[in-house]
Amino acid sequence: MKHEITGDSQHRQTRLRLQSEKFSALLGAESAPAHQEEMQTITTAVDNLLKCTGFQGRARRNCFDYRLEKNEVYLPGLPPAFDGYTILHLSDLHADGLVDEGEGIMRIVETVPCDLAVMTGDFSSEEAGAHYEPCLEALAPIVRSISAQDGIFGVLGNHDLWEMVPELGRIGVQVLLNEAAQLRRGTADIVLAGVDDPHYYKCHDLKKALAAVAPDQVVILLSHSPEIAAEASRYGVDFYLCGHTHGGQICLPGGIALFANTSCIRSYVSGSWKCGTMQGYTSRGTGFSLAAARLFCPPEITLHTLHTGSLPCDFYGVIEENIGKLFNMTGHAVYA
Ligand SMILES: [Fe+2]
């Protein structure tokens, strides 16, 4: 299914200005050494900690120990024609950093045909500059290995540049820039909307993305991070897909994230969650960033299956969500 990407000139100008300001701050003569020193300090500290504890080799191997996670989603208003609809979800590929050139990912996705594939941002590892060609080179074979009847859609993350949008389109990823596409099965349709990065660039515009949604239509939203979950819930989104947190990447046993680089509550850091009546899912990410290390937090490829009907009662989920809100437990920035 081909979606006509329109974008918006004001959005484009704002995004390009913010990118330029970010690059100047990161690459400017005065601030560059400080930033690079900070990044190097974090990477060295993580490496040394892993070396001292004997976990360095294990943590590196874990980066390629991909898990196929399956998530069953019950949506009351889902047209019966979409019952059993499958969505393959990749996130935070940071494709130019995949030293196995994506082979591990392709081995899995080749075996998982789906109705739709989505990528929730951070295709690239680049923090600044326009060197996204290595990312696209690494991404292209992964995209080709995906078999999705309705195509592959994505949104930009805080590592991604506006300039990548047409290039992503050329290799087969249709980027939704505060806009929506219709997914059809027979005479029934649902909406797939996507917003620009709400974490760093904050160029997301839910109002615009959802402007053409009919009152009774089921809406699936792609957003790079979970940080606009409450706002999306108020706009009537039914299912919210995101990543960005890497699930913490380096965690305590049980997957308890030490850092998550978001301002959202901890229950949104990985896996499935609820915000009001909206259901959400945060991927632990398929790639990694900063240090090639994962502990108690394996990379994931997710297969969501939609079902028509009510969500089975999740008493403990509701308790967890509300305790999280009560204590406003948030993550803090270490990697982006
Ligand atoms: Fe990110």
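A: Helices (H or I, at least four residues) and strands (E, at least two residues) are taken here as DSSP runs, numbered from the N terminus. By that criterion the protein has nine helices and 14 strands. The model is predicted, so local features are described only at pLDDT of at least 70 and side-chain atom pairs count only at pLDDT 80 or more, whereas totals for chains, interfaces and linings use all residues. Residue numbers start from 1 along each chain as its sequence is written.

Strands of a sheet pair through backbone hydrogen bonds, either parallel or antiparallel.

Both directions can be followed from β14 (residues 300-308). This strand runs parallel to β1, to which it is joined by nine bridges, and H304 of β14 is the bridge partner of N71. With β2, β14 runs antiparallel through four bridges, and there L303 stands opposite L88.

β2 (residues 86-90) is largely enclosed by the rest of the structure, because four of its five residues are buried. A residue is called buried if 20 or more other C-beta atoms lie within 10 Å of its own, exposed if 12 or fewer do, and partly exposed in between, with C-beta atoms placed from the backbone. For the protein as a whole, buried residues make up 43% of the 336 residues. β2 is also joined to β3 by four bridges, in a parallel arrangement, and L90 has M119 of β3 as its bridge partner.

β2, α4 and β3 together form a right-handed β-α-β unit. The handedness is assigned with the strands pointing away from the viewer: the crossover is right-handed if the path from the first strand over the helix to the second runs clockwise.

D122 has a positive phi of about 55° although it is not a glycine. Most residues other than glycine have a negative phi. D122 counts as buried because 30 C-beta neighbours lie inside 10 Å.

α5 itself has twelve residues and should span 16 Å at 1.5 Å a residue, which agrees with the 17 Å between its end C-alpha atoms; the expected span is 1.5 Å times one less than the number of residues. Its buried residues are C135, A138, L139, I142 and V143. Seen down the axis of α5, they fall within an arc of 140° and so line one face of the helix, the arc being that of the directions from the helix axis to the C-beta atoms. E133 and R144 are exposed on the face turned away from that buried side. The buried residues of α5 pack against α4 (103-109), β4, α6 and β5; contact between two residues means that their C-beta atoms, placed from the backbone, lie within 7 Å.

M164, V165 and L168 are buried in α6. They cover an arc of only 100° around the axis, which puts them on the same side of α6. The buried residues of α6 pack against β4 and β5, while the exposed residues P166 and R170 are carried on the face turned away from the buried side. G172 follows α6 and has a positive phi, near 115°.

The wider contact pattern may be set beside this part. Among contacts in the protein between residues at least 6 apart in sequence, 75% join residues at least 24 apart.

Notes
Two strands pair if DSSP finds at least two bridges between them.
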